[in-house]
Amino acid sequence: GIVSFTTIIALVLGRRVGLKNRVLLSEDVGQDGMKGLLHITKKLTIYTFCVEIIGGIIYTIQLYPYIGDAALYTGIMQSISSFCNAGFIFFDNNLPYKMVGDVLFNINTIALIIIGGFGYLAAFDIWSHRKVRRFADLKLHTKLMLVGSTMLIALGAIVFLGVEWANPKTFGPLPVWDKVMAAVFQSVTPRTAGLATVDYGQLRPITLFVSIILMFIGAGPNSTGGGVKISTVMVAILASCTLFNNRSDVEVFGRRISMVTVLKANGIIFLSLLLVLLATCYLAWDEPFDFIRLLFEVTSAFGTVGLTTGITPDLSESSKWVLILVKIGRASCR
(Lines give C-alpha, C1' and ligand atoms only; values in the text may rest on other atoms or scores of the structure.)
Protein backbone atom coordinates (compact mmCIF):
# COMPACT_ATOMS: atom_id res chain seq x y z
CA GLY A 1 0.00 0.00 0.00
CA ILE A 2 0.96 3.64 -0.48
CA VAL A 3 0.97 4.33 3.27
CA SER A 4 3.25 1.35 3.91
CA PHE A 5 5.58 2.43 1.11
CA THR A 6 5.88 6.03 2.33
CA THR A 7 6.46 4.76 5.89
CA ILE A 8 9.38 2.62 4.73
CA ILE A 9 10.85 5.61 2.86
CA ALA A 10 10.53 7.70 6.04
CA LEU A 11 12.28 5.01 8.09
CA VAL A 12 15.08 4.72 5.54
CA LEU A 13 15.58 8.51 5.70
CA GLY A 14 15.63 8.34 9.49
CA ARG A 15 12.45 10.33 9.99
CA ARG A 16 9.98 9.81 12.83
CA VAL A 17 6.58 8.30 12.04
CA GLY A 18 3.90 10.34 13.82
CA LEU A 19 0.74 9.13 15.52
CA LYS A 20 -1.53 10.11 12.62
CA ASN A 21 0.58 8.17 10.14
CA ARG A 22 0.71 5.19 12.48
CA VAL A 23 -3.11 5.09 12.60
CA LEU A 24 -3.26 5.12 8.78
CA LEU A 25 -0.54 2.47 8.65
CA SER A 26 -2.44 0.18 11.03
CA GLU A 27 -5.45 0.33 8.69
CA ASP A 28 -3.24 -0.21 5.62
CA VAL A 29 -1.65 -3.42 6.93
CA GLY A 30 -4.76 -4.61 8.78
CA GLN A 31 -3.18 -4.53 12.22
CA ASP A 32 -5.34 -3.97 15.32
CA GLY A 33 -3.52 -1.50 17.54
CA MET A 34 -0.06 -0.04 17.09
CA LYS A 35 2.07 -2.49 19.02
CA GLY A 36 4.94 -3.66 16.80
CA LEU A 37 3.44 -1.82 13.83
CA LEU A 38 6.73 -0.55 12.37
CA HIS A 39 8.31 -3.99 12.85
CA ILE A 40 5.46 -5.60 10.91
CA THR A 41 5.86 -3.02 8.13
CA LYS A 42 9.57 -3.82 7.84
CA LYS A 43 8.83 -7.56 7.74
CA LEU A 44 6.14 -6.94 5.11
CA THR A 45 8.60 -5.06 2.90
CA ILE A 46 11.35 -7.69 3.20
CA TYR A 47 8.79 -10.45 2.60
CA THR A 48 7.51 -8.74 -0.55
CA PHE A 49 10.93 -8.07 -2.07
CA CYS A 50 12.26 -11.57 -1.32
CA VAL A 51 9.28 -13.35 -2.89
CA GLU A 52 9.31 -11.10 -5.96
CA ILE A 53 13.06 -11.49 -6.51
CA ILE A 54 12.92 -15.30 -6.23
CA GLY A 55 9.93 -15.39 -8.60
CA GLY A 56 11.72 -13.02 -10.99
CA ILE A 57 14.81 -15.24 -11.15
CA ILE A 58 12.68 -18.28 -11.97
CA TYR A 59 10.74 -16.33 -14.62
CA THR A 60 14.01 -15.10 -16.17
CA ILE A 61 15.35 -18.63 -16.50
CA GLN A 62 12.03 -19.84 -17.85
CA LEU A 63 11.48 -17.03 -20.38
CA TYR A 64 15.03 -16.80 -21.74
CA PRO A 65 14.55 -19.50 -24.43
CA TYR A 66 11.49 -17.60 -25.68
CA ILE A 67 12.47 -13.91 -25.55
CA GLY A 68 16.26 -13.91 -25.09
CA ASP A 69 18.00 -11.05 -23.25
CA ALA A 70 14.70 -9.31 -22.50
CA ALA A 71 13.92 -12.14 -20.08
CA LEU A 72 15.63 -10.44 -17.11
CA TYR A 73 13.55 -7.26 -17.20
CA THR A 74 10.41 -9.09 -18.26
CA GLY A 75 10.88 -11.79 -15.62
CA ILE A 76 11.21 -9.31 -12.76
CA MET A 77 8.23 -7.26 -13.95
CA GLN A 78 6.09 -10.36 -14.42
CA SER A 79 7.03 -11.60 -10.96
CA ILE A 80 5.87 -8.30 -9.46
CA SER A 81 2.65 -8.46 -11.49
CA SER A 82 1.90 -12.05 -10.47
CA PHE A 83 2.69 -11.49 -6.79
CA CYS A 84 0.66 -8.28 -6.71
CA ASN A 85 -2.23 -9.92 -8.60
CA ALA A 86 -2.00 -6.94 -10.96
CA GLY A 87 -3.35 -8.67 -14.07
CA PHE A 88 -0.63 -7.33 -16.39
CA ILE A 89 1.39 -9.50 -18.79
CA PHE A 90 4.79 -8.19 -19.89
CA PHE A 91 5.30 -10.53 -22.84
CA ASP A 92 3.31 -11.81 -25.81
CA ASN A 93 -0.22 -12.65 -24.68
CA ASN A 94 -0.10 -15.90 -26.67
CA LEU A 95 3.06 -17.13 -24.92
CA PRO A 96 1.25 -18.48 -21.80
CA TYR A 97 -0.92 -20.61 -24.10
CA LYS A 98 2.27 -22.27 -25.37
CA MET A 99 3.48 -22.81 -21.80
CA VAL A 100 0.28 -24.45 -20.55
CA GLY A 101 2.19 -27.67 -19.89
CA ASP A 102 5.38 -26.07 -18.56
CA VAL A 103 5.70 -27.30 -14.97
CA LEU A 104 8.15 -24.64 -13.74
CA PHE A 105 6.16 -21.76 -15.24
CA ASN A 106 2.91 -23.06 -13.78
CA ILE A 107 4.29 -23.72 -10.30
CA ASN A 108 6.12 -20.37 -10.11
CA THR A 109 3.08 -18.38 -11.26
CA ILE A 110 0.62 -20.27 -9.05
CA ALA A 111 2.92 -19.87 -6.03
CA LEU A 112 3.32 -16.11 -6.58
CA ILE A 113 -0.44 -15.61 -7.00
CA ILE A 114 -1.33 -17.63 -3.90
CA ILE A 115 1.39 -16.10 -1.71
CA GLY A 116 0.46 -12.57 -2.78
CA GLY A 117 -3.26 -13.20 -2.39
CA PHE A 118 -3.06 -15.08 0.90
CA GLY A 119 -2.51 -12.02 3.07
CA TYR A 120 0.54 -10.85 4.98
CA LEU A 121 -0.79 -11.41 8.48
CA ALA A 122 -1.92 -14.97 7.73
CA ALA A 123 1.44 -15.73 6.10
CA PHE A 124 3.34 -14.32 9.11
CA ASP A 125 1.15 -16.38 11.44
CA ILE A 126 2.00 -19.60 9.57
CA TRP A 127 5.70 -18.68 9.54
CA SER A 128 5.72 -18.01 13.29
CA HIS A 129 4.27 -21.51 13.88
CA ARG A 130 6.51 -23.28 11.34
CA LYS A 131 8.25 -25.33 14.04
CA VAL A 132 5.07 -26.30 15.90
CA ARG A 133 3.10 -27.26 12.76
CA ARG A 134 -0.21 -27.50 14.59
CA PHE A 135 -3.32 -26.22 12.84
CA ALA A 136 -5.00 -25.58 16.20
CA ASP A 137 -2.33 -23.04 17.20
CA LEU A 138 -3.01 -20.76 14.26
CA LYS A 139 -5.18 -17.65 14.50
CA LEU A 140 -8.82 -17.89 13.45
CA HIS A 141 -8.28 -15.69 10.41
CA THR A 142 -5.41 -17.90 9.22
CA LYS A 143 -7.51 -21.03 9.65
CA LEU A 144 -10.37 -19.53 7.62
CA MET A 145 -7.93 -18.52 4.88
CA LEU A 146 -6.34 -21.98 4.71
CA VAL A 147 -9.67 -23.80 4.57
CA GLY A 148 -11.29 -21.29 2.20
CA SER A 149 -8.34 -21.11 -0.21
CA THR A 150 -7.98 -24.89 -0.38
CA MET A 151 -11.69 -25.40 -1.02
CA LEU A 152 -11.84 -22.74 -3.76
CA ILE A 153 -8.77 -24.02 -5.59
CA ALA A 154 -9.86 -27.66 -5.37
CA LEU A 155 -13.49 -27.08 -6.38
CA GLY A 156 -12.48 -24.69 -9.16
CA ALA A 157 -9.96 -27.16 -10.58
CA ILE A 158 -12.51 -30.01 -10.49
CA VAL A 159 -15.08 -27.92 -12.36
CA PHE A 160 -12.57 -26.74 -14.97
CA LEU A 161 -11.28 -30.26 -15.50
CA GLY A 162 -14.72 -31.84 -15.72
CA VAL A 163 -16.41 -29.25 -17.94
CA GLU A 164 -13.50 -28.41 -20.25
CA TRP A 165 -11.96 -31.90 -20.54
CA ALA A 166 -13.30 -32.56 -24.04
CA ASN A 167 -13.57 -28.94 -25.23
CA PRO A 168 -11.59 -28.96 -28.51
CA LYS A 169 -10.79 -25.24 -28.17
CA THR A 170 -9.32 -25.38 -24.65
CA PHE A 171 -8.41 -28.60 -22.80
CA GLY A 172 -9.33 -31.09 -25.50
CA PRO A 173 -6.01 -31.30 -27.44
CA LEU A 174 -3.87 -31.31 -24.27
CA PRO A 175 -2.27 -34.41 -22.70
CA VAL A 176 -3.80 -35.58 -19.41
CA TRP A 177 -1.13 -34.03 -17.14
CA ASP A 178 -1.34 -30.71 -19.01
CA LYS A 179 -5.10 -30.72 -18.52
CA VAL A 180 -4.63 -31.12 -14.77
CA MET A 181 -2.10 -28.28 -14.63
CA ALA A 182 -4.31 -26.06 -16.77
CA ALA A 183 -7.29 -26.75 -14.51
CA VAL A 184 -5.36 -25.86 -11.34
CA PHE A 185 -3.87 -22.76 -12.98
CA GLN A 186 -7.26 -21.52 -14.20
CA SER A 187 -8.69 -22.16 -10.73
CA VAL A 188 -6.02 -19.94 -9.14
CA THR A 189 -5.76 -17.05 -11.59
CA PRO A 190 -9.35 -15.71 -11.17
CA ARG A 191 -8.42 -14.83 -7.58
CA THR A 192 -7.41 -11.54 -9.30
CA ALA A 193 -4.18 -12.47 -11.05
CA GLY A 194 -5.31 -12.08 -14.67
CA LEU A 195 -2.76 -14.42 -16.26
CA ALA A 196 -4.29 -17.33 -18.21
CA THR A 197 -2.85 -20.36 -20.03
CA VAL A 198 -6.04 -21.00 -22.04
CA ASP A 199 -8.23 -18.67 -24.07
CA TYR A 200 -11.12 -17.55 -21.85
CA GLY A 201 -13.04 -16.57 -24.95
CA GLN A 202 -13.35 -20.28 -25.80
CA LEU A 203 -14.51 -21.55 -22.40
CA ARG A 204 -17.98 -23.02 -21.95
CA PRO A 205 -20.62 -20.79 -20.26
CA ILE A 206 -20.68 -22.85 -17.05
CA THR A 207 -16.89 -22.51 -16.73
CA LEU A 208 -17.15 -18.77 -17.22
CA PHE A 209 -19.80 -18.63 -14.51
CA VAL A 210 -17.60 -20.53 -12.05
CA SER A 211 -14.75 -18.13 -12.92
CA ILE A 212 -17.09 -15.22 -12.18
CA ILE A 213 -17.77 -16.64 -8.71
CA LEU A 214 -14.04 -17.06 -8.07
CA MET A 215 -13.32 -13.51 -9.26
CA PHE A 216 -16.07 -12.09 -7.08
CA ILE A 217 -14.73 -13.85 -3.99
CA GLY A 218 -11.14 -12.88 -4.77
CA ALA A 219 -8.21 -13.26 -2.38
CA GLY A 220 -7.58 -12.68 1.32
CA PRO A 221 -7.62 -9.53 3.45
CA ASN A 222 -4.35 -7.54 3.77
CA SER A 223 -3.24 -9.11 0.51
CA THR A 224 -2.46 -7.91 -2.99
CA GLY A 225 -5.71 -9.40 -4.37
CA GLY A 226 -9.17 -7.96 -4.87
CA GLY A 227 -12.74 -9.26 -4.61
CA VAL A 228 -14.89 -9.30 -1.49
CA LYS A 229 -12.24 -11.52 0.20
CA ILE A 230 -12.30 -15.20 1.13
CA SER A 231 -12.70 -14.58 4.86
CA THR A 232 -15.72 -12.33 4.20
CA VAL A 233 -17.48 -15.09 2.29
CA MET A 234 -16.52 -17.67 4.91
CA VAL A 235 -18.07 -15.52 7.67
CA ALA A 236 -21.26 -15.08 5.62
CA ILE A 237 -21.50 -18.85 5.05
CA LEU A 238 -20.96 -19.56 8.73
CA ALA A 239 -23.64 -17.00 9.65
CA SER A 240 -26.08 -18.71 7.27
CA CYS A 241 -25.33 -22.11 8.80
CA THR A 242 -25.91 -20.65 12.26
CA LEU A 243 -29.28 -19.26 11.15
CA PHE A 244 -30.43 -22.55 9.65
CA ASN A 245 -29.35 -24.45 12.78
CA ASN A 246 -31.27 -22.04 15.06
CA ARG A 247 -28.18 -21.05 17.00
CA SER A 248 -27.58 -17.66 18.55
CA ASP A 249 -23.81 -17.35 18.08
CA VAL A 250 -21.64 -17.75 14.99
CA GLU A 251 -18.85 -20.13 15.98
CA VAL A 252 -16.05 -21.90 14.16
CA PHE A 253 -12.94 -23.76 15.39
CA GLY A 254 -14.10 -23.14 18.96
CA ARG A 255 -14.15 -19.36 18.52
CA ARG A 256 -17.11 -16.98 18.41
CA ILE A 257 -17.35 -14.43 15.60
CA SER A 258 -18.75 -11.07 16.73
CA MET A 259 -22.03 -9.81 15.31
CA VAL A 260 -20.24 -6.66 14.07
CA THR A 261 -18.00 -8.83 11.90
CA VAL A 262 -20.99 -10.79 10.57
CA LEU A 263 -22.90 -7.61 9.70
CA LYS A 264 -19.84 -6.12 8.05
CA ALA A 265 -19.30 -9.24 5.93
CA ASN A 266 -22.93 -9.35 4.77
CA GLY A 267 -22.90 -5.62 4.07
CA ILE A 268 -19.77 -5.89 1.91
CA ILE A 269 -21.21 -8.79 -0.08
CA PHE A 270 -24.59 -7.05 -0.58
CA LEU A 271 -23.08 -3.75 -1.76
CA SER A 272 -20.62 -5.57 -4.01
CA LEU A 273 -23.36 -7.69 -5.60
CA LEU A 274 -25.48 -4.58 -6.13
CA LEU A 275 -22.59 -2.78 -7.83
CA VAL A 276 -21.81 -5.73 -10.13
CA LEU A 277 -25.46 -6.31 -11.06
CA LEU A 278 -26.19 -2.64 -11.80
CA ALA A 279 -23.11 -2.33 -13.99
CA THR A 280 -23.97 -5.58 -15.80
CA CYS A 281 -27.51 -4.34 -16.44
CA TYR A 282 -26.14 -1.24 -18.12
CA LEU A 283 -23.72 -3.21 -20.28
CA ALA A 284 -26.50 -5.64 -21.23
CA TRP A 285 -28.60 -2.67 -22.37
CA ASP A 286 -25.71 -1.00 -24.24
CA GLU A 287 -23.83 -3.96 -25.75
CA PRO A 288 -24.76 -6.77 -28.20
CA PHE A 289 -22.64 -9.46 -26.51
CA ASP A 290 -23.83 -12.49 -24.53
CA PHE A 291 -24.93 -11.73 -20.99
CA ILE A 292 -22.44 -14.18 -19.44
CA ARG A 293 -19.56 -12.42 -21.20
CA LEU A 294 -20.74 -9.02 -20.00
CA LEU A 295 -21.10 -10.30 -16.43
CA PHE A 296 -17.59 -11.74 -16.73
CA GLU A 297 -16.18 -8.36 -17.83
CA VAL A 298 -17.87 -6.49 -14.99
CA THR A 299 -16.80 -8.99 -12.34
CA SER A 300 -13.25 -8.97 -13.69
CA ALA A 301 -13.24 -5.18 -13.37
CA PHE A 302 -14.74 -5.36 -9.87
CA GLY A 303 -12.06 -7.78 -8.69
CA THR A 304 -9.33 -5.92 -10.63
CA VAL A 305 -8.53 -9.29 -12.18
CA GLY A 306 -7.51 -8.47 -15.74
CA LEU A 307 -9.14 -11.51 -17.36
CA THR A 308 -11.33 -11.03 -20.42
CA THR A 309 -13.21 -13.12 -22.95
CA GLY A 310 -11.86 -10.81 -25.66
CA ILE A 311 -14.70 -8.29 -25.94
CA THR A 312 -13.14 -5.45 -23.92
CA PRO A 313 -11.66 -3.56 -26.93
CA ASP A 314 -15.05 -3.68 -28.68
CA LEU A 315 -17.05 -2.15 -25.82
CA SER A 316 -18.47 1.34 -26.23
CA GLU A 317 -16.86 4.31 -24.50
CA SER A 318 -19.73 4.55 -22.00
CA SER A 319 -19.39 0.86 -21.10
CA LYS A 320 -15.65 1.29 -20.53
CA TRP A 321 -16.38 4.22 -18.21
CA VAL A 322 -18.82 2.00 -16.31
CA LEU A 323 -16.06 -0.59 -15.84
CA ILE A 324 -13.73 2.15 -14.56
CA LEU A 325 -16.39 3.27 -12.08
CA VAL A 326 -16.86 -0.34 -10.96
CA LYS A 327 -13.17 -0.51 -10.07
CA ILE A 328 -13.46 2.69 -8.07
CA GLY A 329 -16.69 1.50 -6.45
CA ARG A 330 -15.05 -1.76 -5.42
CA ALA A 331 -12.58 0.21 -3.32
CA SER A 332 -15.48 2.04 -1.67
CA CYS A 333 -17.25 -1.23 -0.84
CA ARG A 334 -14.16 -2.39 1.04
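This is a predicted model: local features need pLDDT of at least 70, side-chain atom pairs count only at pLDDT 80 or more; totals for chains, interfaces and linings use all residues.

Entry 1, the cavity. I counted one cavity of 30 Å³ or more, taking a cavity, on a 1 Å grid over the protein atoms alone, as a set of points where a 1.4 Å probe fits but cannot get out, with lining residues having an atom within 4 Å of a point. The largest cavity holds about 40 Å³ of space, where the volume is the space filled by probe spheres set on the points, and grid points are joined across faces, edges and corners. Its lining consists of L152, I153, S187, R191, L214, I217 and G218, and the elements that give two or more residues to that lining are α8 (140-164) and α10 (205-217); the helices are DSSP runs (H or I, at least four residues), numbered from the N terminus. I sorted the lining by class into four nonpolar, two polar and one charged residues, with Ala, Val, Leu, Ile, Met, Phe, Trp, Tyr, Cys and Pro counted as nonpolar, Asp, Glu, Lys and Arg as charged, and the others, Gly among them, as polar.

Residues are numbered from 1 along each chain as its sequence is written, and side-chain values use heavy atoms, with hydrogens and water left out.

I looked up the second largest pocket, which has a volume of about 740 Å³, a pocket being an open set with protein on both sides within 12 Å along at least five of seven lines. Its lining is made of 29 residues, of which G87, G306, L307, T308 and T312 lie nearest its centre. Both α13 (291-302) and α14 (317-333) supply at least two residues of this lining, and α14 gives the most, with four residues. By class I found 14 nonpolar, 11 polar and four charged residues in the lining of this pocket.

S300 touches M215, V305, G306 and L307, not counting residues up to four places away in sequence; contact means heavy atoms within 4.5 Å.

Where is the one salt bridge? D137 forms it with R134, the closest N and O atoms being 3.7 Å apart, a salt bridge being a side-chain nitrogen of Lys or Arg within 4 Å of a carboxyl oxygen of Asp or Glu. D137 is partly exposed, with a relative accessible area of 30%. E52, in helix α3 (residues 37-67), is buried yet has no salt bridge, and K229, the nearest side chain of opposite charge, is 15 Å away.

I placed M99 in the loop between α5 (95-98) and α6 (103-118), where it counts as buried because its relative accessibility is 0%. The C-alpha atoms of M99 and L63, which are 36 residues apart along the chain, are separated by 10.0 Å.

Terms used:
Buried means under 20% relative accessible area, exposed over 50%, partly exposed in between (1.4 Å probe, protein chains only). Lys and Arg count as positive and Asp and Glu as negative; His and the chain ends are not counted.
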